[in-house]
Amino acid sequence: MALRYCYASSHILGIIMSNPKSYDDIPILDLSQPLQPSSLFSLYKASKEWGIFHIINHGISKDLCNQIQSLSTHLFSLPFSSLKSYTPHFIASPFFESLRVNGPNFYTSANSSAEILFDQKDSKFSVIMKEYCSKMEDLSKRILKIVLMSIGEGIEKKFYDSEFKKCQGYLRINNYSAPDVTEDQVEGLGMHTDMSCITILYQDEKGGLQVRSNEGEWIGISPSEGTLVVNIGDMLQAWSNDKLRSSEHRVLLKHHLNRFSLAFFWCFENDKVILAPDEVVGEGNKRKYKPFVCLEYLKFRENNEKGRFDKVGFTVRDFAGIEAQL
Ligand SMILES: O=C(O)CCC(=O)C(=O)O
Ligand SMILES: [Fe+2]
């Protein structure tokens, strides 16, 4: 696999790191190419600074995403109220609603929503969800291994099986309605971090996804056909002892434009105790998180945010950070 940068000139910038705070520094990992040491370095740098990078040639066809999008247009026009897997408008934002499909049996999860929504068993929706989510599971495993390799030599070989083998995924189908307001842009989803190890995101062509730099500057992550976005999440930030950064991101909406996205979250199992291995912390470095049970953190986020998942302020650092405890 090779990494290439968005613009030719930024390739040089990426190597000499003269300007680490620009969109050009967010690399594109080409999964059809053999993995190079320089690619791992760029990936590590982007994951540490931004918590975000792109992937291409990932095996998810545009046609599959289009099919999900058109089924979802119908889906979000139906009455949802009784569905537990549905997040209605006004929870995260007035313009955002979402349907969750849970693993590991994505077919069963999608089908139980479909039964209520369309009064239909074995719906096309459930079949397509199974196809998309199984592909996402495979992709998540592959990407996670590469990210671990980028942390240091031998880290993936030593820790993937023992620490990440029981990871599980869920999908959120996100539907943003067009804001009927005069302002140029409004928040469709407020700034947040994902509570995952990694998240793989498909966004449609409308744009609006932004990521925040360490200094608080927002950078747009423009959509590009065939490109998926990978976010590092809180669980990997804690497990890597801040070697990787959970990306702070948000979505802005433009007047009159509906938006659609698919976010696949790849997470540690609920009862996993998250503790960075000594080898990852590194000799002489301070441990930044006390050990914690994954589910306890998820509950902390839910309780503190009254069901909202779009706010920063109750992050994994607030929950388990050693400095935050002092
Ligand atoms: O819609 C998007 O592009 C981002 C969605 C997102 O960040 C999320 O679901 O956590
Ligand atoms: Fe997110």
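What covers the buried residues of H4? That was the point I opened my notebook on, and the model I have here is a predicted one.

**Entry: helix H4**

I began with the length. H4 takes in residues 106–117, and its 12 residues should span 16 Å at 1.5 Å a residue. I looked up the end C-alpha atoms and they are 16 Å apart, so the expectation and the model agree.

Next I listed the residues of H4 that are buried: Phe106, Ser109, Ala110, Asn111, Ser113, Ala114 and Leu117. Back to my opening question, then. The cover includes two helices, H3 (62–75) and H5 (124–151). It also includes the strands S5 (96–102), S6 (168–176) and S13 (259–267).

I then checked what comes after the helix. Asp119 follows H4, and its phi is positive, near 55 degrees.

**Entry: strand S8**

My other stop was S8, residues 198–203. How many of its six residues are buried? I found six of six, so I noted the strand as mostly covered.

I sorted the side chains by direction. Ile198, Ile200 and Tyr202 point one way from S8, while Thr199, Leu201 and Gln203 point the other way. Both sets are buried.

**Entry: partners of S8**

Which strands pair with S8? One is S11 (residues 228–232), antiparallel to S8 and joined to it by four bridges. There I picked out Ile200, whose bridge partner in S11 is Val230.

The other entry I made is for S13, which pairs with S8 in the antiparallel sense over six bridges. In that pairing, Thr199 stands opposite Phe265 of S13.

Note on methods: Residues are numbered from 1 along each chain as its sequence is written. Chains are lettered from A and ligands numbered from 1 in the order in which they are written. This is a predicted model: local features need pLDDT of at least 70, side-chain atom pairs count only at pLDDT 80 or more; totals for chains, interfaces and linings use all residues. Side-chain values use heavy atoms; hydrogens and water are left out. The expected span of a helix is 1.5 Å times one less than its number of residues. Buried means under 20% relative accessible area, exposed over 50%, partly exposed in between (1.4 Å probe, protein chains only). Contact means heavy atoms within 4.5 Å. Two strands pair if DSSP finds at least two bridges between them.
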